[in-house]
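Please read them alongside the sequence and the model.

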Amino acid sequence: MGFLRKASKTLKQSNYVSLLFNFNPLSSRITHERFSITRALFCTQSRQNYTKEKAIIDLSQYPPELVRNFSIIAHVDHGKSTLADRLLELTGTIKKGLGQPQYLDKLQVERERGITVKAQTATMFYKNIINGDDFKDGKESSNYLLNLIDTPGHVDFSYEVSRSLAACQGVLLVVDAAQGVQAQTVANFYLAFESNLAIIPVINKIDQPTADPDRVKGQLKSMFDLDPSDALLTSAKTGVGLEHVLPAVIERIPPPPGKSESSLRMLLLDSYFDEYRGVICHVAVVDGALRKGDKISSAATGKSYEAMDIGIMHPELTPTGILFTGQVGYVITGMRTTKEARIGDTIYHTKSTVDVEPLPGFKAAKHMVFSGLFPADGSDFEALSHAIEKLTCNDASVSVTKETSTALGLGFRCGFLGLLHMDVFHQRLEQEYGAHIISTVPTVPYIYEYSDGSKLEVQNPAALPSNPKQRVVACWEPTVIATIVMPSEYVGPVITLLSERRGEQLEYSFIDSQRVFMKYRLPLREIVIDFYNELKSITSGYASFDYEDSDYQPSDLVKLDILLNGQAVDAMATIVHNSKSYRVGRELVEKLKKVIDRQMFEIIIQAAIGSKIIARETVTAMRKNVLAKCYGGDITRKKKLLEKQKEGKKRMKRVGSVDVPQEAFHELLKVS
Ligand SMILES: Nc1nc2c(ncn2[C@@H]2O[C@H](COP(=O)(O)OP(=O)(O)OP(=O)(O)O)[C@@H](O)[C@H]2O)c(=O)[nH]1
């Protein structure tokens, strides 16, 4: 949660006004320079021609040695965004209290779930006052430009984290003083460690009654070999210890290493679409400088653009007209869609006289789950198509292809980074675009090899013939390496759960006397459906879990069809491991029996593998219609009942002759 989440939403508003009225020179160690910036802004504002005004912040005062780029990483809810807000307040970038969640105009989905979904950048100006004095030992304290990147904590969005780290030289590794090291602390530590970043441990929430900073220091030492004396103790809530954070950033994180005199090389970190300004690219200038009006080219697409507007996120879009080596900011180039802005791309000057070597870039985002999305009402297809197009403009990590289902009509097959990502996407479609959707059981991408030697990635079970055994010679399923951290008393039930889910233990160790750390290889399919809830429930919520994708492994897979009155429903087909097919088939038909209402005729629900029926349930026929309840001739009552029936019908999908309620598709999500 925090101010940074709001930034991308409010791009269309000028930040000048908010800067003006939120500025309080007494509230923090704000630099003289920023004060003059604000004064200049005031003059600009009063002349009411700020749109024509030249860039005001002079970034040339910040050579790389006065720049620090850092990220805040942590397990979910350990307080990253709250800490980010406090640092923005401390530097006068936002007014105290502005970062309070209730004030913010954030995405509804983030507010409701209390999670960060998108990494956000903010530039702060900070005067590193030496021991409270502007001068010490004849040395004047310096003004620094600090770029802070707040990252999401949930595993689905770890791609955002690794991308953010590419623009940083260091991180604040935030750990909750009561909860200690958790699964995502481990995952995020290794992301930073493998990228050779400086790591500053921050033990946060020390105000909590159950806080035990010494125990957490011990964990940091035993797990990561971090020196306990390096840990900063903070409470982002009460403000205790925050004064040590930015001085530590300046002292312990190295400046960006780029070469000012070299040709421009700029890393494209992220992009999003703004209705008024088009595509806004977040960039890190690695070498050289970028000026407004420069002609620039993309190494990935070869296309050229003009840098029409350049600036920093301070904390919203603030034009500066230039970005120098080591600085992080935004550029608007007139790109029409975010598809042109390839994340990880290298941007250079079109007329560069030397051959610019592209930067390493990033691994492409990997889609872990796929699911079909259909309009609840078939006539809403165009509206859904429009909503998906708009939403994917700001979430390029979703893949979309058209799909046709016999049962559900025209729709889309979408690929997501994980189940939470999928849920967030659905929720945003419904909340921001009013779309009513039916989604099919999420599936993972399997690989099938056919007798003719061809290999195919199968993202949709319906795409497989009902009896694939005839042609399939082998299949593989994706696996993940899962990290689980939990109190030692839960080890037994967790190991049982993991072996039921076909897991293979790779590592088992103690973090301290009470907490255990385990690594398992698991088939991705086994964690996609209801794994996390079950893990939480058997550990009373004390286990934390993270995973990274790993290799494919050979697997014995079968396609499980669901038949209603003898007709296979393509949108209900699923791929399961052979060893579980009978149990899953039985559970599916039982669930469907509970949610499919009795109709005027008998409904037979069957699960089948090829032509073999493995489970069956019957919904008996109903003898009366709704009006039969209506004795006498009360016309208003009759109308009411018919209306009610009509409403109910809207939430139904007709599959053959059977009306299937939307819940039926949701229920299928819960069978693993
Ligand atoms: N007691 C206490 N609560 C805190 C402190 N810092 C943050 N919190 C609370 O912890 C909860 C999670 O804080 P966030 O800042 O949203 O955590 P986060 O790590 O950004 O969460 P994600 O973005 O979902 O990963 C919120 O309710 C905060 O108010 C602290 O120092 N003390």
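How many bridges join strand E19 to E22? The points below begin with that pairing, after two remarks on conventions. The model is predicted, so local features require pLDDT of at least 70 and side-chain atom pairs count only at pLDDT 80 or more, while totals for chains, interfaces and linings use all residues. Residue numbers start from 1 along each chain as its sequence is written.

1. Strand E19 (residues 369–375) and E22 run antiparallel and are joined by three bridges. Strands (E, at least two residues) and helices (H or I, at least four) are DSSP runs, numbered from the N terminus. Two strands are taken to pair if DSSP finds at least two bridges between them. Within this pairing, Leu373 stands opposite Ser439 in E22.

2. The open sheet that contains these strands has four members in the order E20-E21-E19-E22, with antiparallel pairing. Its edges are strand E20 (399–405) and strand E22 (437–439), each of which pairs on one side only. From one strand to the next, the twist averages 30°. Such angles are taken between N-to-C directions and run from 0 to 180 degrees, the axes being lines fitted to C-alpha atoms, for helices over the stretch in contact.

3. Gly372 belongs to strand E19. Gly372 is buried, having 27 other C-beta atoms within 10 Å. By the criterion applied, a residue is buried with 20 or more other C-beta atoms within 10 Å of its own, exposed with 12 or fewer, and partly exposed in between, the C-beta atoms being placed from the backbone. Not counting residues up to four places away in sequence, Gly372 touches Glu403, Ser405, Gly411, Arg413, Ser439, Thr440, Asn460 and Ala571; contact requires C-beta atoms, placed from the backbone, to lie within 7 Å. Between the C-alpha atoms of Gly372 and Thr392, which are 20 residues apart along the chain, the separation is 15 Å.

4. Helix H10 (residues 381–393) and helix H11 (residues 419–433) have axes that come within 10 Å and cross at roughly 115°. H10 is therefore roughly perpendicular to H11, a class that covers 65 to 115 degrees, with under 35 counted as roughly parallel, over 145 as roughly antiparallel and the rest as oblique. Ala387, Lys390 and Leu391 of H10 make the contact with Phe425, Arg428, Leu429 and Tyr433 of H11.

5. A further open sheet comprises eight strands in the order E13-E12-E18-E9-E10-E17-E14-E15, with antiparallel pairing. Strand E13 (304–306) and strand E15 (317–319) form its edges, each pairing on one side only. Strand E10 (residues 278–287) pairs with strand E17 (residues 328–332) over five bridges, and Ala284 has Val328 in E17 as its bridge partner.

6. Leaving aside neighbours within four places in sequence, the contacts of Ile484 are Ala183, Val494, Met518, Tyr520, Ala543 and Phe545.

7. Helix H6 (residues 158–165) is largely enclosed by the rest of the structure, because seven of its eight residues are buried. The buried residues of H6 pack against strand E1 (67–74), strand E5 (143–150), helix H7 (183–194) and strand E9 (265–274).

Notes
Two residues are in contact if their C-beta atoms, placed from the backbone, lie within 7 Å.
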